[in-house]
Amino acid sequence: MKPEELPILADKEKALQASKTCRLLYCSSTACVASGSGAVKDGLTRALKDNPAGKAAALAQTGCMGLCSHGPMVRVEHADRPSTLYEYVNGEAAARIVADELAGQAPAAIAPESAGRVLPQDIPFFTRQTKVVLARAGVIDPERIEDYIAHDGYTALTRALGMTPEQVCDEIQRSGLRGRGGAGYPTGLKWQHVRSAAGDKKYVVANGDEGDPGAYMDRTLMEADPHSVLEGMIIAAYAVGAQQGFFYVRAEYPLAVKRLERAIRMATRQGLLGKNILGSEFSFAVDIRIGAGAFVCGEETALMASIEGQRGLPRMRPPYPAQSGLWGCPTLINNVETLGAITAIVNKGADWFHGIGTEKSKGTKIFALTGKLNNTGLIEVPMGITLREIVYDIGGGVAAGRSFKAAQTGGPSGGCIPAEHLDTPVDYESLKALGSIMGSGGLVVMDDTSSMPAVAKFFMEFCVDESCGKCVPCRVGTVQIQGILQKVVDGKAVQADIDRLERLCVTVQRTSLCGLGQSAPNPVISTLRYFRDEYEQMLGAAASARAEVSA
Amino acid sequence: MLIHSRAGAVSAQQAKAALAADPRLKLVERAIKKFDARGDALLEVLSTAQEAFGYLSQDLMRYISLALHVPLARVYGVATFYHLFTFKPAGEHTCIVCLGTACYVKGAADIVSTLEGAYRVKAGQTTADGKLSLLVARCLGSCGLAPVAVMDGGVVGKETPGDAIGRVATLIGAIPEAQR
Amino acid sequence: MITLTIDGQPISVTPGTTAMDAALANGIDIPRLCHHPDLKPSGGCRLCLVEVDGRPNPIPSCGLACEPGMVIRSQSDQLTALRRDTIDLFVSDHPLDCVTCDKAGACALQKYAYDYGITETSHDFKLGRTLYQNDNPFFIRDHQYCILCAKCVRVCDEVIGAHAIEIVDRGFGSHVATPFDVPMADSNCVFCGSCVQVCPTAALLPVSRLKQGREWELEHKKTICGYCGVGCGIDYRTKGNHIVYAQGYPEAPANGEFMCVKGRSGWDFAQHPDRLTHPLVRKDLARELGLSAEAWTLGPTQRAALADFVPVAWETALDLVAAKLAAAVKAAGPDAVAGLASARCVNEDNYLFQKLMRAAIGTNNIDHCARLCHASSVSGLGMAFGGGAMTNPIRDIRDADCLFVTGSNTTESHPVISYEMVRAVKSGASLIVVDPRQIPLTEHATLWLQTRPGTDHFVFLAIAHVILREGWADRDFIAGRTEGFDEFAASVAPYTPEVAALASGVPADKIVLAARMYALGERARGASKYAAESERGHSGIFWAMGITQRSEWD
Ligand SMILES: Cc1cc2nc3c(=O)[nH]c(=O)nc-3n(C[C@H](O)[C@H](O)[C@H](O)COP(=O)(O)O)c2cc1C
Ligand code: FES
Ligand code: FES
């Protein structure tokens, strides 16, 4: 299509939506599907069919609304009044919701514990968030490109195509956006590197491997708003001069894959992808590659080996992918969430994005808030928010009357943050100073029942399992660390083991080949830093001494 | 095409013949064709084969090696690298328990050990009668519902050991020995 | 050239050189277990870490490209500590059996443990691999000693092109295996033994080496392999007058460290008890001449021959031969005698033999088995290039951009040359194979033109036709070095690709593609190292008996 056709399509879709009395949206993301949103969909469909006013209403699936622990969720939108959000919906509740909403009544008062009760939208869980990347999640139907276009979709691409590639890179650089995949490398700078690298053939890769267990930001984004990631990728390709893109998505995410496939197909059909995009000179094609269950394949060089059909072994850098990536060609690798932020930056301007966040960490970050909290789910917050706000305001505090012990960010590559640092602002540098990392956005809260050496052992087992085996510190070192932690947990360790543990951690950090090994000791180092007493209490000698005293 | 091996020349046709007229091979062939039999599509083709057959047999890997022009050693090396691929047929039913961080913190390990005890099977293995494969995963991306399990493809959240036993029992239509 | 400093020493290197190679070339030894000059860097052993000014963390020198002005230190307290810790981890997963180990003295891990004073691991000793496999007559695989440097896998893939083995599984459980762990003999292995050659530890050892003494008791006897025309250098490790095993050595001009199965393992005849080592004279003749038997120690076959032969002294035998030859010449003139020499003998012996025939006996009746193989190539090459021998050193092959192979099953007939071809292809060169058979090289070919037997010349003529038609020929070069070119051009004019296609069964478009790839020296991947000096890549034609022996010409 031509750029001028885009608003026409948008208006058509808007008119269609406005012609309906109301719009019922049920969440069809993986979490809500698991809680039973299939039955909700059936309930809603049946109730609408049975109701004479049903024809005038619209029913649509949508992506994650955030509070996954309260799913399945349903949102009902009206043109003339604020929307209503229902939680814990089931089949019967769906019928009641349809009846109430079509009758134009306020939701009937029901017992507080019952299914399908109203979830107020002015609670801190929602009000403390700033939705930039997730702005359309839970609002649009992810399987309909028209809905995306009606919500400003592909306008950023039109705008970008009107700029020179250098200007696009500059804009991203000025916005201060940093990579959301973990390392926080300035995105605009990375684009510049790829753009200026020599070579006719270039690639863009969206990293959707999301290996951190306990994190699902990228999954949700791909499921709830696949076009925004795709559009971000097309803009990136234009900026760096790439002709081919790959989505690398883990096999555990079939729904995300399905939605991306559909998005690619629809965008191609509309001329937003493929040859001469939007009538311009620029052509770009996208394929999906499925990861096959290897955490290390989130690491960019291993990921490229995997796309090339090899064992997912990382290799030495330099050369960086920007100089020599897929099949030796310059390659841009960005995290899915990083690409998801692009359209907003292009549309609203670098200055606007730059205005959110802290001095060195700009914009918003999505976190998967999990663990022992009252509210678990997916949140998007401005950089610089304190951990306390996240845990207590958004997360609703620690569940079941227990107390907060620590929050783990960065998963197996990160560290824990104890209660005394709850007021630390969440940004790349502050988290690093505490011995953790921003990571990709997993945030797991542990309460006072968690044993920190056991948590460290859990992460080390993960690393042992996921080590590719190429370099000796990671292959052998993690096994030895795990062995010591096992001794600690079994009460068989002595002080010398702890000394050896600390030294080993430093060796593995300093000598491993890739980020997996280099960061594998982090959970051990950080739990030792903040909870050394727990380790010491578990030492064999200490344990037997205590036993004697109590005897 | 022929491969030069001491065991004698094996052609793609022969390797295919070893798989007999298995209709599932069609899916693999289609994947091979979709990627123009390019060697770099090895993972895609292996995934398709794994999904179609439920595991990768030696004949299947040999066939893929020949069809994609990828040395058999590499096919085997790649297949054993990724956790997704298995080399033995799975049980009639599968129960995957997530042991990702969020699920671990919420006690997923107890679910695994309960099921292990109840069905006398180690995580990652299949019961002797071939009815149940008990598997563990590292995060299924539904952490908001932790602990999470997948029973024959269906995701269930906020599991307890008790729930899990019940669900598996309905799944395979048998109450665990230990509870009888 | 760029200049940098390593350990205070200013060093100049060409761009693209790694810090490791720069150091080694300048006599600075950096510890290393996974580096090999003929293999792409891997970075797995972490011993070669160096400090670079301005970089916060130590970097492996084997993968570090030199940059102008870089300041590198290969020794420091920090590096020593890190290397000690790394070796400590290695030996937690590798038995320190050095007192009984057949590799002791040649083991790289042992050397570094010695250098860095590691006597035992400070960790819990835990073996990741314990398999012992002796499933073939050539080498054993003892996995407990494997340190997963992957040199064996890399050499098999990058140099030999067999890719018979791969690392399977992952992490601590990784190990080197054939597909499905079948015995080596059932895999793609060609038993060239290059994996054994590059193995730094006792994980791979020649069977003939086992329990044959300590490494330092063995002598080095360097020689040239007698099997094919490649002329590989071999270093026989011997004890007494016995070969214990054969190994390659990097300085060997034709083959470097690599050999084929024949060179590496086909030496057992040298010390085989059945080998004929002493002159024997027919029994009836000996009786007639009254020759006395010599008390040689004889092997079983020779003893069995005693029914018909008598062992005699060298002097006796030589006198007898001389007398008989002289008698023949006297009786019927020198031309009654003819000599037939062999390529299995060294050149010096062949020279002396023809001297004997021509000067002593006085006949020109002297011939050599190479007549059959090389008469046509010697005269053809002589006419075309001025000399009847190979035009280039073998080492040039790896730098070629386009290889054109025809009439040669290189992998089987000249395996070591095929290694050079595989290396070229692996680093991006294109490979055109013109052959009716699916020879192993076709597995690596960019383009395989499968001609009907006996029709390859149509393809060659059509390629020449296309090159001239498309203007890809280097006219200046031709003008300066040829005569009669116009007649040649006229002779190929009728052979369009379509004509050749009809005759040979090779599609015309493939012939055109081959012509372009060859004429322009097009690579399959990456840039030519000759890019700077000419806009074209460099092509090479490789042919052997399949061409010299062809007789039919229509
Ligand atoms: C062990 C390891 C795992 C990683 N996993 C992921 C991942 O799952 N997703 C991701 O986007 N980046 C991951 N990364 C980071 C990538 O290597 C890379 O830095 C990132 O994709 C770059 O994108 P960004 O600049 O947009 O963050 C991982 C890195 C390491 C070392
Ligand atoms: S940790 Fe279990 S679903 Fe993410
Ligand atoms: S020699 Fe450089 S890492 Fe092994």
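Excluding residues up to four places away in sequence, C:Gln247 touches C:Gln197, C:His220, C:Ile234, C:Asp235, C:Arg237, C:Met259 and C:Arg264, where contact denotes heavy atoms within 4.5 Å. C:Gln247 belongs to strand 13 (residues 242–247) of chain C; helices (H or I, at least four residues) and strands (E, at least two) are DSSP runs numbered from the N terminus. With a relative accessible area of 19%, C:Gln247 is buried, the classes being buried under 20% relative accessible area, exposed over 50% and partly exposed in between (1.4 Å probe, protein chains only). Its side chain makes a polar contact of 3.5 Å with the side chain of C:Tyr245. A polar contact is a pair of N or O atoms within 3.5 Å; within protein, one must be able to donate a hydrogen and the other to accept it, and residues adjacent in sequence count only if both atoms are side-chain atoms.

The model is predicted, with local features requiring pLDDT of at least 70 and side-chain atom pairs counted only at pLDDT 80 or more, whereas totals for chains, interfaces and linings use all residues. Residues are numbered from 1 along each chain as its sequence is written, chains are lettered from A and ligands numbered from 1 in the order in which they are written, and side-chain values use heavy atoms, with hydrogens and water left out. The model scores ipTM 0.91 and pTM 0.91. Chain C averages a pLDDT (the predictor's confidence in each residue, from 0 to 100) of 93, and 99% of the residues score at least 70.

Oxygen atoms of ligand 1 lie 2.7 Å from a side-chain N or O atom of A:Thr338, 2.8 Å from one of A:Asn334 and 2.9 Å from a polar side-chain atom of A:Asn207. Of the 610 Å² of accessible area that ligand 1 has on its own, the protein covers 89%, as computed by the Shrake-Rupley method with a 1.4 Å probe.

C:His163 is placed in the loop between helix 4 (151–160) and strand 8 (166–168) of chain C and is buried at a relative accessible area of 7%. Apart from neighbours within four places in sequence, C:His163 is in contact with B:Pro71, B:Ala73, B:Arg74, C:Cys156 and C:Asp157. The side chain of C:His163 also makes a polar contact with that of C:Glu166 (3.2 Å).

Backbone geometry was examined next. The peptide bond from A:Arg317 to A:Pro318 is cis, with omega near -10°; A:Pro318 lies in the loop between helix 13 (300–307) and strand 9 of chain A. A cis peptide bond also joins B:Ala146 and B:Pro147, with omega about -10°. Positive phi in a residue other than glycine occurs at C:Leu148, near 55°, which is buried at 7% relative accessibility.
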